[in-house]
Amino acid sequence: MEVFTNEILAALKANGKAQSAARAEGKHTDFTPVVKLYVPMGQVWLLTEIPAGDETVVFGLKYSNAGVPELGHVDLAEFATLRGRHGFVKRDENFLADKKLSVYADESTRFGCILA
């Protein structure tokens, strides 16, 4: 299974361009995640955007077994090499975001996991 399809990459890039335009106006857009990736028995990512002008990273929420959610950027190339105890990075093909990223981040802090 391909982790980043052309459609997913296009949506992440479109969000990055929209975020860049919002920031130029002094604003911030809180997107719903485009994709959920995970390493079985390991980390989970909800990703929202590829920043305009830097297509080497992606922004989103990361949650690991350490129990600490993090908002930030991840190198796209890292997803090709990440490996957990039970395999490589996988995409949740059934994931459909129903909340903004900030809500997922708040919930992961309160409940100790990403509720997606």
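Tutor: Contact here means heavy atoms within 4.5 Å, and in this predicted model residues 24 or more positions apart account for 50% of the contacts in the protein chain with a separation of 6 or more.

Student: What makes the radius of gyration of the protein chain agree with that of a compact globule?

Tutor: With 116 residues, a compact globule would have a radius of gyration near 13 Å, and because the protein chain has 14 Å, the two agree. Along its principal axes, the C-alpha trace spans about 45 × 30 × 20 Å, and the chain holds three helices and seven strands.

Student: Why is Leu12 called buried?

Tutor: Buried means under 20% relative accessible area; Leu12 has a relative accessible area of 0%, and is therefore buried. Leu12 is found in helix H1, residues 6–24, and, not counting residues up to four places away in sequence, Leu12 touches Phe4, Val34, Leu47, Thr48, Glu49, Ile50 and Val58.

Student: How do you know that the span of H1 agrees with what its number of residues should give?

Tutor: The 19 residues of H1 should span 27 Å at 1.5 Å a residue, and the end C-alpha atoms of H1 are 27 Å apart, so the two values agree.

Student: Which residues of H1 are buried, and what puts them on the same side of the helix?

Tutor: The buried residues of H1 are Ile8, Leu12, Asn15, Gly16, Gln19 and Ala22. They cover an arc of only 125 degrees around the axis, and therefore lie on the same side of H1. An α-helix has 3.6 residues a turn, so residues three or four places apart point the same way. The face turned away from the buried side of H1 carries the exposed residues Asn6, Glu7, Lys17 and Ala24, whereas the cover over the buried residues includes strands S1 (35–38), S2 (44–49), S3 (57–63) and S7.

Student: Why is Lys99 also called buried?

Tutor: The cut-off is under 20% relative accessible area; Lys99 has 19%, so Lys99 is buried. The place of Lys99 is in the loop between strand S7 (90–91) and helix H3 (101–111), and, leaving aside neighbours within four places in sequence, Lys99 is in contact with Thr32, Pro33, Tyr104, Glu107 and Leu115.

Student: What makes the pairing of Lys99 and Glu107 a polar contact?

Tutor: A polar contact is a pair of N or O atoms within 3.5 Å, one able to donate a hydrogen and the other to accept it; the side chains of Lys99 and Glu107 are joined by such a contact of 2.8 Å.

How values were computed:
Residues numbered from 1 in each chain as written. Predicted model: local features only at pLDDT ≥ 70, side-chain atom pairs only at ≥ 80, totals over all residues. Heavy atoms only, no water. Helix = DSSP H or I, 4+ residues; strand = E, 2+ residues; numbered from the N terminus. Buried < 20%, exposed > 50% of the residue type's maximum accessible area, 1.4 Å probe, protein only. Expected span 1.5 Å × (residues − 1). Arc of directions from axis to C-beta. Rg over C-alpha atoms; globule rule 2.2 N^0.38 Å.
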